[in-house]
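Me: I'd like to go through this structure term by term. Can you tell me what each label rests on?

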Amino acid sequence: MTLKLGVPSKGRLMEKTFDWFGARGVELSRTGSDREYAAAVKGIEGVELVLLSAGEIPRELAAGRIHLGVTGSDLVREKLAAWPDKVSELALMGFGHADLVIAVPKCWVDVNTLDDLDAVAAAFRAKHGFRLRIATKYHRLIRDHLRDHGVADYQLVDSQGATEGTVKNETAEAIADITSTGETLRANHLKILAGAPVHKSQATLFKARGADWNDKTRATFAVLTDKLGINA
Amino acid sequence: MTDKALIRAEATRLRGFFETKGAQVVEADILQPAGTLLDLYGEDIRGRAFVSHDPMRGEVMLRPDFTVPVVQMHMAEGAEPARYTYMGEVFRAQEQVAERAPEYFQVGYEVFDRDAPIDADAEVFALIRGALEPLSLRAATGDMGLLLAAVRGLKTTDRRKAALLRHIWRPRRFRALLDRFAGRAPLPEGREALLAKEDPMIDAGPQIGLRSAAEISERVDALREDAAAAAISTQEVELLDDLLALRESTSNVLEHLRDIAVDMPAIADAVDRLEARAEALVKRGVNVDTLDFEGSYGRTSMEYYDGFVFGFYAEARPDLPPVATGGRYDALTRVLGNQNGSGEIPAVGGVIRPELLLELGAGDKA
């Protein structure tokens, strides 16, 4: 029985993940043609690499089909209810940084905090007859955050891309999205609310609590964490 | 876990009890249009309810309770006064406490009676208490009408009162606003800088989105007005705190409330109603000397309940949810009535969880 390690299957997140493991003596690589999703591990016995879409890694971890997985901390929190029951964080990997933020039109000079947003949502609903719309794909994280801060009279509208454009297109009044530099937000005449972001995300190595942890996989895990310099 | 057939039989027995007391049996669809519930409870309900999608009807929810469909049914075709009883499963998604049941039975009794609201309060409480016999349960009661009256009577601006009333069922947010209006907490970040600006719209960039420039400047004006308004006095905040901290028997609390009403005359009518209700309860055989009253009861989990509120608890089993809960929800009928133009219908009711009765050893004799 091998220990299955799920990593993002493409792009910078994959490259950075390979670099991170490589720097710690575990060489991950793709094999076969460019288009074939096959991979190999060198420097340790008993680890099998599984290439997956970063968005599917939380689900595979929760189901215990992989023992370990690398994905954004935002995705785990968004996709898994009660995530600490299902996975544990082994290492914050120091790349893939992005903040989940709530942004409103820059012309809303009267709105700087969630407190303002809540007051505006009440007035907006009274005036327009529907709840103030926030476009996002991070439904759980945003809903929990707004509930914790007592924001009411809003609705979340799903937006899987080009979220920053929804305000200008009048399909939403505000947005909640991941940003690293804020450049796209500014270009679309939006500003980020003051205060801490909803979540500061980065690439993270997770351990699945519900995977098959037998003598063999536990032993492999001990060797791997030792190599990676993780106390687990 | 008790057998479902037994729970259904117990639910049927309880509904039969309410039927013999003159209630009409009604049914409600399990699939409810999501829009109404979302407009009432906001996005939060998505975390608590099962949301599904119908290709033709759009978003639907498995009914999280019977109250909304029963009110809608009554508004559409009911004659007043009306008494209804119902039974069936309700569905609650449990994101946090996974061990709580996502579906369970409720049996309910609801009264729509415009003319004698106080007597209807007492009737519902006494009837539910009767249905729970012979179990010995602790009853807790409260009255959201007191707090609402106290807030409406504050010596402050209408805007501040409206903001507090809007968050009355969100205690943490309510407290944060009250602290700010009382000058105990700082203004939100950036507020002072905004108010200091001669022209707040400078550097605002292009006007985008549905919220107009007029709406923005209206709010800036409102913020200026708010900054100039006097703080809510310490005395008023302390009286509110006294009200929220009340925890004694119903007969003792009346005396205490009379004292508070001397300094806070706005609650006098609500105190009169509480007294009249206590008398109505006595007439129905309730001992108000031992009936607990809690000033904050109903604030966290009973949104839209704006008058008498109550719950029955098994004291030996703190792990169990309340066996029965209920109260007056005129605010809910007001909101639903505004949507369909039928106006407010005073309403009070309560629900029992039959499987808890079985678990606690009642109802076996049935």
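Reply: Let's begin with handedness: a crossing is left-handed if the near helix is turned anticlockwise from the far one by less than a right angle, and right-handed if clockwise. This is a predicted model, where local features need pLDDT of at least 70, side-chain atom pairs count only at pLDDT 80 or more, and totals for chains, interfaces and linings use all residues. Residues are numbered from 1 along each chain as its sequence is written, while chains are lettered from A and ligands numbered from 1 in the order in which they are written.

Me: Which hand does the crossing of α7(B) and α8(B) have?

Reply: The crossing of α7(B) and α8(B) is left-handed. Both names come from DSSP runs (helices are H or I, at least four residues; strands are E, at least two), numbered from the N terminus.

Me: Why are α7(B) and α8(B) called roughly antiparallel?

Reply: Their axes cross at roughly 160° and come within 9 Å. Axes are lines fitted to C-alpha atoms, for helices over the stretch in contact, and angles run from 0 to 180 degrees between N-to-C directions. Under 35 degrees counts as roughly parallel, over 145 as roughly antiparallel, 65 to 115 as roughly perpendicular and the rest as oblique. So α7(B) and α8(B) are roughly antiparallel.

Me: What makes the contact between α7(B) and α8(B)?

Reply: R160(B), A163(B) and L164(B) of α7(B) meet F174(B), L177(B), L178(B) and F181(B) of α8(B). Contact takes C-beta atoms, placed from the backbone, within 7 Å. These residues divide into 6 nonpolar, no polar and 1 charged; Ala, Val, Leu, Ile, Met, Phe, Trp, Tyr, Cys and Pro count as nonpolar, Asp, Glu, Lys and Arg as charged, and the others, Gly among them, as polar.

Me: Why are β2 and β3 of chain B edge strands?

Reply: The open sheet runs β2-β4-β3 (chain B), with antiparallel pairing. β2 (31–33) and β3 (51–54) of chain B each have a single partner strand, so one side of each lacks a neighbour in the sheet.

Me: How do you know that β2(B) pairs with β4 of chain B?

Reply: Pairing needs at least two bridges found by DSSP, and 3 bridges join β2(B) to β4 (residues 58–62) of chain B. Q32(B) stands opposite M61(B) in β4(B).

Me: And what joins β5 to β6 in chain B?

Reply: 10 bridges link β5 (residues 82–91) to β6 (residues 103–112) of chain B, running antiparallel. V90(B) has Y104(B) as its bridge partner in β6(B).

Conventions: Contact = placed C-beta atoms within 7 Å.
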